[in-house]
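Here are my notes for your read-through. Please keep the model open and follow along point by point.

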Amino acid sequence: MTMEREQGYVTSVLGTGSYLPERVVTNEEIEARVPGASAEWIADRTAIVERRYAAPDEAASDLAVHAARAALDQAGLDADGIDFIIVATTTGDAPIPSTASLVQLALGAHRAACFDVNIACTGFVTALSIARAYGALDSTTKVLVIGTDVWTRFIDFDNRATSVLFGDGAGAAVIGSVPHAPGDPERGLLKVELVSRAESHELISMPAGGSRRPASVETVADGGHLLSMQGRGVRDFVLDNVPGLIAGLLKRSGYEPADVQHFVPHQANGRLVAELAEVSGLERADTHLPLRHSGNIGSASVPVALDAANRSGVLRDGDLVLLAGFGAGMAAGAALLRWTVTEGGTR
């Protein structure tokens, strides 16, 4: 099968999908709930004007299933055609079983092997790297990669730095092979670069609920199950680490920042992403920022932004697309792909 791939197949995105919950939460609603956070201040500092909150009966797997079905539909595949389901999430339904297994059950993807990836906002790019490796093994392999998070269950509404940012959502992509004749321009998922900086792990944390600090009356009382983030430190981490990661990926792929047509970053906040694009030399790229209406949705940010760009029709066959994720761990990842439109119209 490896020789067959070398003679005419590349791993690519076959379809994308996304889902945002129905409930819209405006900046005015946040202003009424969060001390010191005016609607104007939120919009100016983050470029977010609204975000979506999951319904009380919606968990991460529910959002993931909606996004997965949309991606499968665009790819023209039934759930039984999927070999692997990889779910990137930090807010899964429960510690066990994996959220991926619950997605498998709901989809009826009975052939798929399933597992979760927990690297917060870098999770989707990391899962893409794994899917790319699986795809290289066999030209018939199909991998469903999903990013899903329900961060609003873990927001500290006394903390202005985090409570204004986060929403809930899910995004998905089907990864598989597309024909590629020898000698043709390169296509598909070209390279992925990942890095971890564990010395900075305290910048984003949720300290309770694991084996070090199991759930107890005390951990609930002191807010140990709520998200904690050092905003200035996170900004410095991103600007100190991600531009170099992107530059290295592009150089090893034989490209310059000016060659990138589309930049699809983690939707941390609009101001930070604008700084990142400028420092990375990506001013000429179209930076996709649906966070204005979705907020920061963690592992779902990159795939939701990718699906929005895909379905808007701005991604043309042969466009160079750069994905970038960064967040808790601390970790960062970037993926470079040459967008491919097949004869059937799927990506």
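1. Start at L322. Leaving out residues up to four places away in sequence, L322 touches I246, L249, V260, H262, F263, V264, L282, A334, A335 and L336. Contact means heavy atoms within 4.5 Å.

2. A word on the source. This is a predicted model, where local features need pLDDT of at least 70, side-chain atom pairs count only at pLDDT 80 or more, and totals for chains, interfaces and linings use all residues. Residues are numbered from 1 along each chain as its sequence is written, and side-chain values use heavy atoms, with hydrogens and water left out.

3. The largest nonpolar core has 48 residues, and I246, F263 and L322 have the most contacts inside it. Such a core is a set of buried Ala, Val, Leu, Ile, Met, Phe, Trp, Tyr and Cys residues joined through side-chain atoms within 4.5 Å. Buried means under 20% relative accessible area, exposed over 50%, partly exposed in between (1.4 Å probe, protein chains only).

4. At least two residues of this core come from each of β8 (188–196), α9 (231–253), α10 (270–279), β13 (320–327) and β14 (331–338). The largest share, 9 residues, is from α9. Helices (H or I, at least four residues) and strands (E, at least two) are DSSP runs, numbered from the N terminus. Another core, of 29 residues, lies apart, with L63 and V87 among them.

5. Now helix α3 (residues 39–46). Which of its residues are buried? They are A39, I42 and T46. These sit on the same side of α3 because they cover an arc of only 65 degrees around the axis. The arc is that of the directions from the helix axis to the C-beta atoms.

6. The face of α3 turned away from the buried side carries exposed E40 and D44. The buried residues of α3 pack against α2 (27–33), β3 (50–53), α10 and α11 (291–294).
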